[in-house]
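Thanks, everyone, for making the time this morning.

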Amino acid sequence: MRFNLTKILHVLGVSLFMLTIAMASSIAVSLLYKEFNIALALAKTLLIAGLIAAVLMSINKSKARFQPKDAILAVSLIWICSIGLSSLPYIFSGTLGYIDAIFEATSGITTTASTVINDIDGFPKGLLFWRATTQWIGGLWILIFAVSLFSDLSIGTVPFNRGEITTISNDKLTTRLSKDAKLLIFTYFMLTAVTGFFLLLGNMSLFDAVCHALSTVSAGGFSTHTTNIAYFNSIYIDFIITLFSYLSTINLFNYIYISRRHRLKIVKDSEVKLYSLILILFSIVISLNLLITSSGAVVPAAVFAVVSFASTSGFYFFDMSLLPTLSKFLLFMLLFIGGCSVSSSGSIKNIRVLIIIKSVLRNLEMLIHPSAIIPLKLRKRAVTPEAIGSAISFIWLYLLVFLVGGFLMAFDTSDITTALMVSAASLSNTGIGAFEGNYSTNYSIFTSFSKVSLSLIMLIGRLDIFTILLLFTPGFWRAKQ
């Protein structure tokens, strides 16, 4: 057999069942706000998804281990099917057309802040809750699949999150994968609950607090208001969103270390240190740039913007078009870095950046000492040449997809900055784009061609470029000889 289809379909069924639970909560919200037509649309979707999930879960799961291509196909099917099902409530309720519904669903599941909804404040509460929930589920799946599903391959490297798995595969934590996966899920739940609690203290309504907690911890960026975080006009809320956007996009394994009384490991984690250093340096430079140019934006706004772009959460609370050119350029650079591995953040991620930096420094040292044997180490473990090559290949492919995305967007805009910014924002799963100078997450101005193209780019950014490429290689579908 080419694929372990029984296990693939069973995993798909379990994932879709998780989606139905989220739909049930959205139905409850719709009924609470007396949005009966929205509740009906969600109920229809729940019925369809529930039936599919029940059939797939009834398939006897094979006891054989997943092979790499099994895991790749399973994750690809899960994301594609989830996007399709997530779009149905918008279609059934008549709030969005087919293309717009697919775009909105893709943005949700891939934890991107992009939207095609012009009047978010007037949008049904049940669907706003559904949007936030899809982002939270998308972020949760990233953690589950990166640790449980792909670690079940019993190999050190796999195409999906290759740079992440490689660096932790020999760690003591991976000897208890099942337990660690549960701890990661618990950590994700707790971060969401704590974020929601602190947002409530900022006089947010319960509905707003829950929705923003879901989209903050998932690095999603969906807001329940058209003006995003600016709606609340609260320094406290800005601070809480900034803080938990950061805490949710460091390597979540560090919280497991803390729970096991290895508190210093988070301080010694080179990836977290690099991520924190980037945030601090970029915040300082942009703040100074604002002070020198006497821009209308305040310094706290610079810190918020840096964390929003770096974490790929995509929140905003001020007009970023007011920023000086240098500040805009630095924020654009952050779209190509992202947060840490084993988090819901998108983009290239700091683990790959760190591998490249260490590789360059090692090569420079070897030029001085040609006969020296200098191993490249990360977290006190040697990084294999395969991992280094993987990181380099990923970055080159990432830049290639970015350029292709910009090329596609050039058909729909006369502004090259808009084309490139929108491509980078979608590929990094950040969502904030510059539309002829105006920064926004609203993509309703684009044609159906661009929306479909951007949906594909968001999916590529979320699934990992290697995963998508493998689906189009003949060897992937060929039976093993």
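This is a predicted model: local features need pLDDT of at least 70, side-chain atom pairs count only at pLDDT 80 or more; totals for chains, interfaces and linings use all residues.

**The nonpolar core**

In the largest nonpolar core, which has 130 residues, the members that touch the most other members are Trp79, Trp141, Phe309, Met320, Leu331 and Leu334. Helix α5 (residues 125–149) contributes the largest share of this core, 13 residues. A nonpolar core here is a set of buried Ala, Val, Leu, Ile, Met, Phe, Trp, Tyr and Cys residues joined through side-chain atoms within 4.5 Å, and buried means under 20% relative accessible area, with exposed over 50% and partly exposed in between, using a 1.4 Å probe and protein chains only. Helices are DSSP runs of H or I with at least four residues, numbered from the N terminus.

Residues are numbered from 1 along each chain as its sequence is written, and side-chain values use heavy atoms, with hydrogens and water left out.

Taking contact as heavy atoms within 4.5 Å, and not counting residues up to four places away in sequence, Trp79 touches Ile109, Thr110, Gly138, Trp141, Ile142, Phe145, Leu459, Arg462 and Leu463. Another core, of seven residues, lies apart from the largest one, and among its members are Ile8, Leu73, Ala74 and Phe476.

**Aromatic rings**

Rings of Phe, Tyr and Trp (its six-membered ring) pair if their centres lie within 6.5 Å, and planes under 30 degrees apart count as stacked, over 60 as edge-to-face and the rest as tilted; by this rule there are 22 aromatic pairs. How are the rings of Tyr246 and Tyr275 arranged? Their centres are 5.6 Å apart and their planes are at 20°, so this pair is stacked. Because Tyr246 lies in helix α9 (residues 235–247) and Tyr275 in helix α12 (residues 270–293), the pair ties together parts that are 29 residues apart in sequence. Tyr275 counts as buried, at 1% relative accessibility.

Phe332, Phe336, Phe394, Tyr398, Phe402 and Phe466 form one aromatic cluster.

A charge sits over a ring if NZ of Lys or CZ of Arg is within 6 Å of the ring centre and within 35 degrees of the ring normal. The charged end of Arg131 sits in this way over the ring of Phe222, 3.8 Å from its centre, and that of Lys69 over the ring of Phe3, 4.8 Å from its centre.

**Cysteines**

With a disulfide taken as a pair of cysteine sulfur atoms within 2.5 Å, a search of the whole structure finds zero. Cys211 is buried, with a relative accessible area of 1%, and Cys340 counts as buried at 0%.

Note on methods
Helices (H or I, at least four residues) and strands (E, at least two) are DSSP runs, numbered from the N terminus.
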